[in-house]
Amino acid sequence: MKVKTRFAPSPTGDLHIGSIRTALYSWLFARRYNGKFILRIEDTDFERSKSLSVQSILKGLKWLGLNWDEGPYFQTQRLDRYKEVIETMLKTGHAYKCYCSPEAIEAERSKQISEGKKPRYTGVCRNLKTQCANKKYTVRFKNPTFGKVIFQDKIRGQITFNNIELDDLIIQRSNGIPTYNFCVVIDDLDMNITHVIRGEDHINNTPRQINILKSLKANIPIYAHVSMILNENGKKFSKRDNAENIIEYYKRGFLPEAVINYIIRLGWSHGNQEIFSLSELKKLFNLDTINKSASAFSIKKLLWLNKYYINNLSLEYISKLLTNYMINQNINIKKGPDLKSLLNLYKNRFHTLQDMACSFRLFYEEFESFDIKFINKYLILTNLNVLKNIYNQIKNFSFWKIEMLSDVIHNESIKSNKTLKEINMLLRVVLTGNVCSPNISSVIFLLGKEKTLLRLKKAIFFINNKI
Ligand SMILES: [Zn+2]
């Protein structure tokens, strides 16, 4: 049996962390067994489906490197096929037309609820002798009324449903469009899907889908229902979290390697190992060690992993990612030092590309103003001469060497009777607008003579005008 898995999102909003995890599991499972991974867009809900959402799904998958072998298939392009199966099912008696109006269904529902019963369609039209011409209808699947649906979930073990609890599912709406649950079944069947790996919110759909497959005498795929991911507070993600959309992580400067490593570990484990490369995962991944319980999201852990990958992947690769990131932030990296040198100097300090871009910006653009707390502490009269002396010495440099910069700072410390630390802090504020930076001589070296002199001059001017 050739393994075939699918990722089948509905394009009704953002691509969420939870969806990405089922995509990742499906993708890895297919890769592990040299199978195929299919992308299918379930867009039969016309009112809620958006093409922007499709773009965002494709973008998210591409960013993480989850390539698909077939598709994307769009359900809206397969409507004729669904119609054909529904016609056959109507003929064979596995489906029937239901003429009940939405009002009648709603009235029945309210009555059942008021009587304390579980609301369900009671099957008025199930055995109609004559069909009504010219009347609007839905098509319902004739679910068996006795027996059980039993399936072995790869994550949760055996799951049993009594058929009597499942009412006759609508498979075609009154507007002629087939419903989600039906399309999924026909797609999984036509596309020879062997393993359906999806969120646990689909468990209740599974017995209905199995019954439809059985009525079509089709093979039943293996199901694996993955648990939820909860937010930092152990609750369901909400829109307010703004932490669910995968594209956010791209925007915030996370690396695909870190995101994949993080997401896979939300629910799957291999001993106590924390760090996994993709090639390793392709060999190790299986469905058997996926956790049944919900997993809680932790941004701290993701940041830790991201820092790990920034420090451990090649400088070449990180600098390529950072270049693109900075270009997207409209930072002109041609107007400053080589990014790789900057990275080398700063690498161990950052958690995300966003942090880096934010800090590196000052090497390419002038910063607007000094922070008030630094003004009062550093941009003061007693520092004026130090800045002037350093300015004059650097101005006369005919070479640009890091050792010469260290000497200037050192000499100025002796001359002005200030500690090296004091001088370094002053230069950090003046040249980078901040008090934390790596070795200041290295920073000055990368900043270059022109920008350094300009910023020293700016600070001198500032102090002079403050008085
Ligand atoms: Zn009916």
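Modeller: Happy to. First, a term: buried means under 20% relative accessible area, exposed means over 50%, and partly exposed is in between, using a 1.4 Å probe and protein chains only. This is a predicted model, where local features need pLDDT of at least 70, side-chain atom pairs count only at pLDDT 80 or more, and totals for chains, interfaces and linings use all residues. Residues are numbered from 1 along each chain as its sequence is written, and side-chain values use heavy atoms, with hydrogens and water left out.

Colleague: Great. Which protein donors does the zinc ion have?

Modeller: They are Cys98 (SG), Cys100 (SG), Tyr121 (OH) and Cys125 (SG), at 2.1 to 2.3 Å from the ion. Donors here are N, O and S atoms within 2.8 Å of the metal (3.2 Å for Na, K and Ca), and water is not among the atoms, so sites may look incomplete.

Colleague: And what arrangement do the 4 donor atoms make?

Modeller: A tetrahedral one, because the angles they subtend around the zinc ion run from 97 to 124°. For four donors, tetrahedral requires all angles to lie between 85 and 135 degrees. Along the sequence, the donor residues follow the spacing C-x1-C-x20-Y-x3-C. Cys100 sits in the loop between strand E4 (95–98) and helix H4 (102–114), while Cys125 sits in the loop between H4 and strand E5 (138–141), so this pair ties together parts that are 25 residues apart in sequence. By the way, helices (H or I, at least four residues) and strands (E, at least two) are DSSP runs, numbered from the N terminus.

Colleague: Is Cys125 buried or exposed?

Modeller: Cys125 counts as buried because its relative accessibility is 6%. Cys100, with a relative accessible area of 23%, is partly exposed.

Colleague: Let's go to the start of the chain. Which way do the residues of strand E1 point?

Modeller: In E1 (residues 4–7), Lys4 and Arg6 point one way, Thr5 and Phe7 point the other way, and all are buried. In a regular strand, side chains alternate between the two faces of the sheet.

Colleague: What joins E1 to strand E2?

Modeller: There are 4 bridges between E1 and E2 (residues 36–41), and the two strands run parallel. Two strands pair if DSSP finds at least two bridges between them. Arg6 has Ile38 of E2 opposite it. With helix H1 (residues 17–32), the strands E1 and E2 form a right-handed β-α-β unit. Right-handed means that, with the strands pointing away from the viewer, the path from the first strand over the helix to the second runs clockwise.

Colleague: New topic: how many residues does helix H11 have?

Modeller: H11 (residues 315–328) has 14 residues, and from its first C-alpha to its last it reaches 20 Å, close to the expected 20 Å at 1.5 Å a residue. That expected span is 1.5 Å times one less than the number of residues. Ile318, Ser319, Leu322, Thr323, Tyr325 and Met326 are buried in H11. Their cover includes helices H7 (246–251), H10 (299–312), H12 (339–346) and H13 (353–364).

Colleague: What comes after H11?

Modeller: Asn330 follows, with a positive phi near 60°. Asn330 belongs to the loop between H11 and H12 and is exposed, because its relative accessible area is 67%. Most residues other than glycine have a negative phi, and most peptide bonds are trans. Lys217, which is not a glycine either, also has a positive phi, about 55°. Lys217 is in the loop between helix H6 (205–215) and strand E10 (222–226).

Colleague: And the peptide bond from Gly71 to Pro72, is that cis or trans?

Modeller: Cis, with omega near 0°. Pro72 is part of strand E3 (residues 70–74).

Colleague: Last one: how many residues of helix H18 are buried?

Modeller: In H18 (residues 440–447), 7 of 8 are buried, so the helix is mostly covered. Among the elements covering them are H12, H13, helix H16 (402–416), helix H17 (420–432) and H19.

Colleague: Which residues does Lys466 contact?

Modeller: Lys466, in helix H19 (residues 449–466), is in contact with Ile375, Leu379 and Ile380, leaving aside neighbours within four places in sequence. Contact means heavy atoms within 4.5 Å. Lys466 and Ile380 are 86 residues apart along the chain, with their C-alpha atoms separated by 8.5 Å.

Conventions: Tetrahedral: all angles 85-135°; square planar, octahedral: opposite > 155°, others 65-115°.
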